[in-house]
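Here's a friendly walk through one structure, taken piece by piece. Have a look at the sequence and the 3D view first, then read on.

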Amino acid sequence: MVTLRPAPASPDAGKNLLAEKFQRLLATVRANRPQDDLSLIERAYEFSLKHHSGQLRASGEPYVLHPLEVAQVLAEIRMDATAIAAGLLHDAVEDTSVTPQEIATIFGEQVAHIVNGVTNIDKIQFANREDRQAENVRKMLLAMVTDVRVVLIKLADRLHNMRTLEHLPPDRQESIARETLDIYAPLAHRLGMGKMRGELEDLSFRYVDPFAYEQVRSAVEARRQEGEKFLRGIENALQERLKEHSITARVEWRIKRLYSIFLKLQHQRITVDQVYDLLAVRVITSSVQDCYAVFGLIHSIWRPVPGRIKDFIAMPRPNLYQSLHTTVMADGGHQFEVQIRTDEMHRTAEEGIAAHWKYKAGGSPVSAKDEQRLAWVRQIVEWQREMTDPNEFLSTLKIDLYPEEVYTFTPKGKVVVLPKDASPIDFAYAIHTEVGNTCTGAKVNGRMVPLKTRLRNGDIVEVTTQNGHTPSRDWLNFAKSSRARNKIKHWLNEHQRERAIEIGRKLLEREARKYKVSLAQFHDTDYVKVASEYGLGNTPDLMAGIGFGKYSARQTLNKLAPGATAPPVGPETTISSMSDAVKRVYFSKGADSLTVEGHDELLVYRARCCNPIRGEEIVGYVTRGKGVAVHARNCPNVQNLLYEADRRISVEWARLPEADSAGHRATYAVKLTVFCDDRAGMLKELTAAISDDGTNIRGVDTKAGTGAEAIVEFIVDAFDVRHLNRLVNSLRRLSGVRDVQRQQKL
């Protein structure tokens, strides 16, 4: 969207800058695609320049600079003239008076289709940010199925926005960076675009966690000079040995990207010195045969590290990435990773699905390899039709975009690629939905195993089925693939809904007998009228809502028969008549700071599995007989619970005074685990940091970790999520602290 800012000091300087950028774009296209007709790009630029005239970016630069930079990114990944023209026009429909029909008339249907697919849908009003984000991603994926250039332009658009994010307010910076890290970087990864994915991740990391970013950056910079000197020595030694063996190849090297290092530090709780692939060498050959020859040569020079050899040439990743990986030990104990691939594999690893566009004329059919890349998109589009909850859709997408793979086999030798830690249930659903639904057991490598067994690379899996057998809710605890989880949830949802409709009818009938009201006098139109008051579309939705406990049978009957006489007050008096004090005692501290939109009679309590605190994003889930359980949105149990969309309910933090009459503020107990060096004085420094922050410590426990590591667990009182984040950052700044993690469960 356009943000108006004061105009640049010199209009001529702005024009010169645009002219230089456009000439650079044309030069890139000529170099990468010399056969392409540049007239379409030139006309698109003139059109964009005219219609974005007078519009400025948040930086104060002419707005047309943005589509120019997007087009430059597309040109650098060798996209065709049609895609580059669409990149130049991608904001014209949203931010100017231009219509899609105008684009089609002037530039053709193909360009118009791509522009329409890229155009944001911010003008459509949604209930919340999650709905808007989910719908935006849905539209992008649907458009991508018919023309992958839609998502490539969207990725280029996001990349330039991330490069210039410093001009936006801090809250917008964090929000956009988080979305980039959750959706766009994984999407680039799934399309095999390693170079773009890496830059998107590092740019996002800087804004999502500035403190961790600076820590990792400083640690890497302190080692850069020594690391580069070491890698240059390795490069020279390797070049000499390649020449001796008459192998034609080029050698490159690099230091691992910051966000990748951060993830490794976080998952393994190690120091930067312990990251085995911090330093990496890449050997690019002319043939697959040479790849394996170099592989053997490297192991004859340096000692391989056991367990660190991976052959992605024989077993490509789902995004078609191919390479040989090995980690070796040099003199002095220095470890470094070596990646060996052909030129073709290298181009595919860097540019992914965009790598082969330079071989195609505009409008020619997509290659078989590109079709294979898009197969997973079609699966997502198919599954998303079964999902009504936008949060479930986005969560499923995130799981599917960034899988760590395990390679398994059927008894006949067919490869089945599954997410890391997948179970036989995932394997069964990968074969066929009915195989999954009727799965009763499994054999792994010829031995019967429980269905929750974690599969490993090379396992041969055989599934046993039985007609009439049905999925279990417990399967969600160990199913890892989005396909399996969605199929299980869909089956459970359908059958739970049928049961809820039946329960809802019975509850309404029981309530009617109490009030001496005959339900026979009401027609379907009466029920639909009441349903519409709850925002529902039909009678079954209303009955399901009553059955799930989302709506009161008594309230529903009062709407159907307003004149009915209420029964005497007794033990079944409505929840809303309970005193606030009773609610707080029964439903735990913090429940009084939560409200349910439009349902004052429902009891609300914070779920103990995640203990959300004020300021966190939350979701409500109606539980039978207990009221509304409020979970943090990132609670691991949320996705297992919210497959029943009818039981989800909108909740929010109520507005409360900053402090009571005595000056006390409401607090929430939070458990923090600190992983730190096991040395004298460490505990004293940790408690001092917490105390200096004005935070109360409820409890502390210490235990030994692995090696020279200590684990300290604190239970502290936090006012809200901002207070908690400030405290965590204070602890992370202490010398010797390796990681600080919040434990959801007390």
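The strands here are DSSP runs (E, at least two residues), while helices are H or I runs of at least four residues, and both are numbered from the N terminus. Two strands pair if DSSP finds at least two bridges between them. Strand β14 (residues 618–623) and strand β15 (residues 627–632) have 6 bridges and run antiparallel to each other.

Step back and you'll see an open sheet of 4 strands, in the order β13-β15-β14-β16, with mixed pairing. The edges belong to β13 (604–606) and β16 (648–649); each has a single partner strand, so one side of each has no neighbour in the sheet.

## What you're looking at

This is a predicted model, where local features need pLDDT of at least 70 and side-chain atom pairs count only at pLDDT 80 or more, while totals for chains, interfaces and linings use all residues. Residues are numbered from 1 along each chain as its sequence is written, and side-chain values use heavy atoms, with hydrogens and water left out.

## The nonpolar cores

A nonpolar core is a set of buried Ala, Val, Leu, Ile, Met, Phe, Trp, Tyr and Cys residues joined through side-chain atoms within 4.5 Å. Buried means under 20% relative accessible area, exposed means over 50%, and partly exposed is in between (1.4 Å probe, protein chains only). The largest core has 107 residues, and the ones touching the most other members are Leu-25, Ile-41, Ile-103, Val-283 and Phe-336. Helix α12 (residues 210–244) is the top contributor to this core, with 10 residues.

What does Ile-41 touch, leaving aside residues up to four places away in sequence? Its contacts are Phe-22, Leu-25, Leu-26, Val-29, Ala-81, Ile-84 and Leu-88, with contact meaning heavy atoms within 4.5 Å. There's also a second, separate core of 30 residues, including Ile-613 and Val-712.

## Rings and charges

Rings of Phe, Tyr and Trp (its six-membered ring) pair if their centres lie within 6.5 Å; planes under 30 degrees apart count as stacked, over 60 as edge-to-face and the rest as tilted. The whole structure has 11 aromatic pairs. Trp-302 and Phe-336 make an edge-to-face pair, because their ring centres are 5.3 Å apart and their planes are at 85°. Trp-302 is in the loop between α14 (288–301) and β3 (303–304) and Phe-336 is in strand β6 (residues 335–342), so the pair ties together parts 34 residues apart in sequence. Both Trp-302 and Phe-336 are buried.

Phe-312 and Tyr-321 are edge-to-face too, at 6.0 Å between centres and 70° between planes. The charged end of Arg-317 sits over the ring of Phe-312, 4.2 Å from its centre. To count, NZ of Lys or CZ of Arg must be within 6 Å of the ring centre and within 35 degrees of the ring normal. Lys-559 does likewise with Tyr-534, its charged end 5.5 Å from the ring centre.

Helix α20 (residues 482–514) has 33 residues and should span 48 Å at 1.5 Å a residue; its end C-alpha atoms are 46 Å apart, which agrees. The expected span is 1.5 Å times one less than the number of residues.

After α20 comes Lys-516, with a positive phi near 55°. Is Lys-516 buried or exposed? At 76% relative accessibility, Lys-516 counts as exposed. Asn-445 also has a positive phi, near 55°, and lies in the loop between β9 (439–444) and β10 (447–449). Asn-445 is partly exposed, at 46% relative accessibility.
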